[in-house]
Amino acid sequence: MKKIVTLLAALALTAGVAFAQDLNAALETYNTALSLAENDKAAALDGLKEALKQGEALGDEGAELVGNCKNAIPPLMLSIAKSHINEGEFDAALENLTATEAAAKEYDNPDVLFEIPDLFITVYNRRGSKLFADKNFEAALADFAKVLEANPEDGQTHLKSAIALQSLGKVDEAVEAYKLAAANGKDKQANPRIAKIFQQKAILAQKAGKFADAIEAMNTANEYVESAGNFRSLGVLYSKMGKVKEANEAYVKYLELDPKAKDAEDVKYTIAASAQKVGDKATAREYYNQLLSSAKYAEAAKQQLATIK
């Protein structure tokens with residue numbers, strides 16, 4: 001923004017003293033506004049707008065002043081909007097950015113227009129994050145949607161959206177959002193949360209006696225994060241459905257993931273005994289043999305091995 005210096009003597013010769021005084025007053029308004037720009041941007045903006053009006057009233061003689069005001073107003077408005085952002089005044093920032101965009105278009109200021117879209121996203125991101133922290137999840141999701149509209153590959157915002165959806169009980173929507181977070185670099189954070197959701201689905205299905213649904217949910221959980229506990233649960237579920245082969249496969253995986261499990265010997269005996277019942281002699285021998293040094297199962301294992309021909 002540049003100052004305009006008046007040449008009253010020259011103006012007096014061409015337009016008359018009264019006109020020169022009007023122009024001088026407009027220039028004084030403009031220069032005063034510039035002097036306020038660093039410490040009182042709001043007052044500076046009001047001054048520039050007033051100088052613009054005064055310059056427009058002067059017609060052709062005020063053209064230079066009008067041009068300078070139009071060049072100065074959008075950057076100053078943008079600076080005010082940025083101050084609101086930095087101070088966490090997000091609603092005011094959005095209002096100012098909208099007005100700045102309109103002014104920049106009207107006054108043909110491409111530099112200001114270039115900055116504005118990213119600043120809008122910054123505001124939505126920061127306001128959404130604050131709303132998220134305050135557990136105002138519905139409002140946070142509205143802001144996150146704006147962020148993701150501009151950048152669909154923002155994994156962190158997908159992750160926060162998923163958490164917000166889950167907190168609102170929108171579990172299926174949350175799963176889809178977690179998948180998008182995982183696909184955009186947040187798999188370590190998202191996949192365990194997806195697994196947990198399906199673990200909970202499996203537990204509810206099991207309590208309702210829907211063992212097939214519980215198995216499907218637990219297998220889905222394992223697709224995202226394999227867990228020893230998940231495989232133990234699968235062993236129990238398959239056993240309830242009479243699927244010995246599948247149950248034993250799940251129990252074997254359980255022991256692979258947690259070989260020092262407190263119930264390892266109990267599980268080994270279950271594998272051996274169930275395999276023996278369905279005629280899988282090789283598996284029965286393998287696991288009875290593993291129990292020959294067990295204080296709890298050694299005698300029973302010896303007896304069963306003696307019966308397997």
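Glu176 and Lys179 both lie in helix H9, 3 residues apart, about one turn of the helix. Helices (H or I, at least four residues) and strands (E, at least two) are DSSP runs, numbered from the N terminus. The side chains of Glu176 and Lys179 form a salt bridge, at 3.4 Å from N to O. A salt bridge is defined as a side-chain nitrogen of Lys or Arg within 4 Å of a carboxyl oxygen of Asp or Glu. Glu176 is partly exposed, at 44% relative accessible area. Lys179 is also partly exposed, at 35%. Buried here means under 20% relative accessible area, exposed over 50%, and partly exposed in between (1.4 Å probe, protein chains only).

The model is predicted: local features need pLDDT of at least 70, side-chain atom pairs count only at pLDDT 80 or more, and totals for chains, interfaces and linings use all residues. Residues are numbered from 1 along each chain as its sequence is written, and side-chain values use heavy atoms, with hydrogens and water left out.

The chain holds 15 helices and 0 strands. Its radius of gyration is 37 Å, well over the 19 Å that the globule rule gives for 309 residues, so the chain is more spread out than a compact globule. The radius is taken over C-alpha atoms, and the globule rule is 2.2 Å times the number of residues to the power 0.38. Along the principal axes, the C-alpha atoms fill a box of roughly 125 × 35 × 25 Å. Of the 309 residues, 40% are buried. Among contacts between residues at least 6 apart in sequence, 45% join residues at least 24 apart. Contact means heavy atoms within 4.5 Å.

The whole structure contains 12 salt bridges. One of them joins Arg127 and Asp143, with the closest N and O atoms 2.7 Å apart. This pair links distant parts of the chain: Arg127 is in helix H6 (residues 110–133) and Asp143 in helix H7 (residues 137–150), 16 residues apart. Asp143 is buried, at 3% relative accessible area. A further salt bridge pairs Lys296 with Asp266, at 2.9 Å between the closest N and O atoms. Lys296 lies in the loop between helix H14 (281–290) and helix H15 (298–307), and Asp266 in helix H13 (residues 264–277), so the pair ties together parts that are 30 residues apart in sequence. Lys296 is exposed at 55% relative accessibility, whereas Asp266 is partly exposed at 29%. Salt bridges that share partners also join Asp91, Arg127 and Asp143 into one network.

Nonpolar packing was examined next. In soluble globular proteins, nonpolar side chains tend to be buried together. A nonpolar core is a set of buried Ala, Val, Leu, Ile, Met, Phe, Trp, Tyr and Cys residues joined through side-chain atoms within 4.5 Å. The largest such core has 51 residues, of which Phe132, Tyr178, Leu234, Tyr254 and Leu255 touch the most other members. H9 gives the most to this core, with 12 residues. Apart from it lies another core, of 23 residues, among them Tyr30, Leu48, Met77 and Ala103. Beyond residues up to four places away in sequence, Tyr254 touches Ala228, Phe231, Arg232, Ala261, Asp263 and Val267.

Ala190 is found in helix H9 (residues 171–207). Ala190 is buried, at 0% relative accessibility. Leaving aside neighbours within four places in sequence, Ala190 contacts Leu159, Tyr178, Ala181 and Ala182. Ala190 and Glu256 are 66 residues apart in sequence, and their C-alpha atoms are 25 Å apart.

The structure holds 5 aromatic pairs. The rings of Phe132 and Phe137 have their centres 5.7 Å apart and their planes at 70°, so the pair is edge-to-face. Rings of Phe, Tyr and Trp (its six-membered ring) pair if their centres lie within 6.5 Å; planes under 30 degrees apart count as stacked, over 60 as edge-to-face and the rest as tilted. Phe132 is buried at 19% relative accessibility, and Phe137 is buried at 12%. Tyr269 and Tyr297 form a stacked pair, 4.7 Å centre to centre with 20° between the planes. Tyr269 lies in helix H13 and Tyr297 in the loop between H14 and H15, so the pair ties together parts that are 28 residues apart in sequence. Tyr269 is partly exposed, at 21%, whereas Tyr297 is buried, at 13%. Ring pairs also link Phe132, Phe137 and Phe144 into a cluster.
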